[in-house]
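Here is a note for a colleague who is opening this model. Please keep the sequence and the 3D view at hand while reading.

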Amino acid sequence: SLPFQTQDQAVAACATTALWTSLSPLRGLFSIPLLSPAEITEKAIAYPGLGERHFPSSGLNIFQIAGFINSIGLDTEKIKIPDGENPEDIVSNVVRAYVKAGILVIAGIKLKRRNSEYDHHAVVISGYRCNSPGEVAELYVHDDQIGPYSRVRCADNSFVEWENEWISHYDYEQVRVDFLLVPIYPKIRLAFGHIHGIHKEYQKYVVQLKDSGIGTEFFLTLLNSYKRFLLDHACANKVEVLSKPLPRFLWVIRTLLNGQPVLDSLYDGTEVMPKKLLYISFEIKA
């Protein structure tokens with residue numbers, strides 16, 4: 001389970017609470033320090049702000065959020081949300097890519113009421129649910145104003161615009177993702193943008209086969225987690241693959257048939273530029 005708390009405007013507005021939540025599972029994964037919300041705010045306000053009082057806290061800007069993440073020995077992966085009426089599925093792709101590795105995603109969202117300016121808010125995307133074709137159908141969000149595991153449905157075919165309690169209970173007419181921030185270990189050097197570009201090339205080959213049950217996904221994983229996965233699945237040269245020295249972090253582009261893995265392409269997550277390591281083919285269950 002993931003810890004949750006509401007914001008405390010004296011020391012921790014929504015961005016601080018989102019940082020506290022998102023970093024909680026990373027303590028064991030990346031050996032980062034355990035800090036209270038007040039300590040997070042104190043560290044974050046050492047970076048340039050907008051002139052507001054630090055205590056009581058009026059919130060953090062994106063530079064202060066990233067500055068705090070960097071101050072505890074992590075890097076910050078910022079994912080830009082494409083403009084336009086039909087943006088690609090960047091949000092669901094980012095969530096699927098990182099949540100499988102136990103890394104949560106901080107989302108900056110904009111809330112709009114009729115005839116008013118946008119309000120800005122920060123939440124943590126902690127999980128997702130897929131439908132039978134394997135597409136993301138719902139996101140689950142820790143929102144300090146709503147509660148833990150708040151369900152978010154897609155309002156625009158891309159999860160850039162959301163349908164959740166902000167609309168159904170709080171009289172907002174639009175909830176839109178402004179940016180995504182991912183706290184990432186510095187040795188995971190292969191950026192999301194590089195592997196996302198390779199995945200889009202893979203998709204070009206399978207898009208015409210979608211009706212036949214063929215699909216793709218990509219995600220970050222740790223070597224030990226991936227080897228545990230291989231132990232439970234029949235694949236070619238299993239012993240050779242399990243005993244092969246590989247980097248601690250891997251990007252996996254997976255081809256699926258009716259939801260079952262068919263082929264994995266492994267990329268070195270510690271390289272700056274994409275470096276393919278090997279293919280792993282799986283036996284199809286009848």
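The points below go through the sheets, the helices and the cores.

1. **Ground rules.** This is a predicted model, in which local features need pLDDT of at least 70, side-chain atom pairs count only at pLDDT 80 or more, and totals for chains, interfaces and linings use all residues. Residues are numbered from 1 along each chain as its sequence is written, and side-chain values use heavy atoms, with hydrogens and water left out.

2. **The seven-stranded sheet.** An open sheet is built from 7 strands, in the order β1-β7-β2-β3-β4-β5-β6, with antiparallel pairing. Helices (H or I, at least four residues) and strands (E, at least two) are DSSP runs, numbered from the N terminus. Two strands pair if DSSP finds at least two bridges between them. The edges are held by β1 (75-80) and β6 (162-163); each has a single partner strand, so one side of each is left without a neighbour in the sheet.

3. Strands β4 (residues 136-143) and β5 (residues 147-154) run antiparallel and are joined by 5 bridges. Tyr140 stands opposite Arg151 in β5.

4. Helix α1 lies across β2 (105-112), β3 (118-130), β4 and β7 (174-184), and runs at about 20° to β3. Contact here means heavy atoms within 4.5 Å. Axes are lines fitted to C-alpha atoms, for helices over the stretch in contact, and angles run from 0 to 180 degrees between N-to-C directions. Helix α5 (residues 90-99) lies across β1, β2, β3, β4 and β7, at about 60° to β3.

5. **Helix α1 against helix α4.** Two packed helices are described by the angle between their axes and the distance between the axes. The axes of α1 (residues 14-23) and α4 (residues 62-71) come within 11 Å and cross at roughly 35°. Ala15, Leu19 and Leu23 in α1 meet Ile65, Phe68 and Ile69 in α4. The residues of this contact divide into 6 nonpolar, no polar and no charged. Ala, Val, Leu, Ile, Met, Phe, Trp, Tyr, Cys and Pro count as nonpolar, Asp, Glu, Lys and Arg as charged, and the others, Gly among them, as polar.

6. Is Leu19 buried or exposed? At 0% relative accessibility, Leu19 counts as buried. Buried means under 20% relative accessible area, exposed over 50%, and partly exposed in between (1.4 Å probe, protein chains only). Residues up to four places away in sequence aside, Leu19 touches Ile40, Leu60, Ile65, Phe68, Ile69 and Ile106.

7. **The four-stranded sheet.** A further open sheet has 4 strands in the order β8-β9-β10-β11, with antiparallel pairing. At its edges stand β8 (214-222) and β11 (276-281), each with a single partner strand, so one side of each is left without a neighbour in the sheet. The twist averages 20° from one strand to the next.

8. **Strand β9 and its partners.** Of the 9 residues in β9, 8 are buried, and the strand is mostly covered. On one pairing, 9 bridges join β8 to β9, and Glu217 stands opposite Arg254 in β9. On the other, 8 bridges join β9 to β10, and Val252 stands opposite Leu266 in β10. β9 and β10 form a hairpin with 2 residues between them; Asn258 in the turn has a positive phi of about 50°.

9. **Strand β10 with β11, and helix α7.** Antiparallel strands β10 (residues 260-268) and β11 are joined by 5 bridges. Tyr267 stands opposite Lys276 in β11. Helix α7 (residues 192-206) packs on the sheet, touching β8, β9, β10 and β11, and its direction makes about 160° with that of β8.

10. **Helix α5 again.** Helix α5 also lies across β8 and β9 (249-257), running at about 50° to β8. Asn93 is found in this helix. At 17% relative accessibility, Asn93 counts as buried. Neighbours within four places in sequence aside, Asn93 is in contact with Phe192, His196 and Phe218.

11. **The cores.** A nonpolar core is a set of buried Ala, Val, Leu, Ile, Met, Phe, Trp, Tyr and Cys residues joined through side-chain atoms within 4.5 Å. Of the 70 residues in the largest such core, Val91, Tyr98, Ile103, Ile125, Trp162, Leu180 and Trp251 touch the most other members. A second, separate core of 13 residues includes Leu246, Leu250, Val252 and Ile280.
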